[in-house]
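Please examine the sequence and the model displayed here. The paragraphs that follow lead from one element to the whole chain and then to single residues.

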Amino acid sequence: MPATEFSDLEPTPSRSKPELAAALSGVVIYTSANGFMTGGLGVAGRTLGLTDIEVGLILGLGAFIGVVAAPAWGYASEIWSRRKLMLLAVPMVVLGPAVMAIVTEQFLLLSAAVSGFVLGAARLIQAVFGAALIPVAQGYVADLTKPSHRVRGMGGLSAAISFGTLSGSVLLWLTGQLGVALGFAAISVFGLFACLMVLAYLPTALPRPALPRRETTLPLADIWPYLVITFVGFTCYTTVPPIFALRLMDRFGMDGGTAAAQTGMVLTVGVLAVCIAQVLIAVWGFKRPRAMLRAGSTGIFTGLAMLLFASDVLAMCLSMTVIGFAVGFLAPAVLGAISLLGGRGAQGKIGGINMAARGLGSALGPVLGTTLYQINPDAPILGSLALVTIVFILTFISRDARVLSP
């Protein structure tokens, strides 16, 4: 077996912090674009003449490509230079929002069909290369944290993911009245700074000798319940947000710009709650993934029930606060558990396969949400309630990873 790249670094402030910041910068840009598109592309689609289902397909197909790309990137991160992967992926992730800014601003007179095709292509580019960023970052976090602090470290990675989503939601809130093209352009500009950070601060790691097979094998028999939790959880989480703007326009009579801005505010509140929960996890050092999953799924169920009966934007914000805080416990718990159950040479592979499960859920969620919305405006929320119940049940058959943590 050939030598592979290994970030043989000590977790000291002088070395690890700049490198982790550079590795996580691409994750932030990728997730901020996803967060902005979740609420903003529906409004842009109606302006360009696309149907709600077509917008859902653009969002869903983009996420689905991660199902194929993420495992491949994960395996590549254990063999090739992680720095080179980042230098390739981050600029391509920036390209997607830049193209969307041009199309949604209607600088070019395009038909609805052509606009939909270009938006779909831009989304695919952003998604296929973005699928590399989380597995690579997860590998860095695993290298720089001890097993006893692994859940805390993955809480930091999850916080970076959530911060990116929060940034996208804030952009949607701030730019909704001015046009979503401005938000896409802003993401592209911030992405250029991420490219510079990767170029300046992310060094090429040193090679390492071949590891024992047990350290490089993907432990599917141990981690599959957590992968299913990721899939079901992200299906649940992405089913409802794409219909927020539609719900505000159809049920509360808001115009497109107001609905986009209010949707951005609701999503911002929810993701802010996610960030707060994950910062607390990173600070307090939780070590019981299954307990975190059970608490989180119970909280999501409660928040969704509140959302079902929400009669105004304030009630929606309160519901998303509960949901967001509960969601904040799920991702670090899953990432920490599967990382502890895998060897040193399998961290990228584990991150890739988990990213695939995440992408599959994120692909199904928007399509499921917009399709159910055509049947009944409450159907997406009811479907999410059923899905989060499945997550709770799965926690009783998953292996408890905390026994591996001293």
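**A covered helix and its surroundings**

Helix H14 is mostly covered, with 21 of its 29 residues buried; buried means under 20% relative accessible area, exposed over 50%, and partly exposed in between (1.4 Å probe, protein chains only). H14 comprises residues 347-375 and reaches 42 Å from its first C-alpha to its last, close to the 42 Å expected at 1.5 Å a residue. The expected span is 1.5 Å times one less than the number of residues in the helix.

This is a predicted model, in which local features need pLDDT of at least 70 and side-chain atom pairs count only at pLDDT 80 or more, while totals for chains, interfaces and linings use all residues. Residues are numbered from 1 along each chain as its sequence is written, and side-chain values use heavy atoms, with hydrogens and water left out.

The protein chain has 15 helices and two strands; these are DSSP runs numbered from the N terminus, helices being H or I with at least four residues and strands E with at least two. Of the chain's 406 residues, 60% count as buried. Among contacts (heavy atoms within 4.5 Å) with a separation of 6 or more, 87% join residues 24 or more positions apart.

Arg152 lies in helix H6, residues 150-175, and is partly exposed at 32% relative accessible area. Its C-alpha atom is separated by 9.2 Å from that of Leu280, 128 residues away along the chain.

The structure holds zero disulfides, a disulfide being a pair of cysteine sulfur atoms within 2.5 Å.
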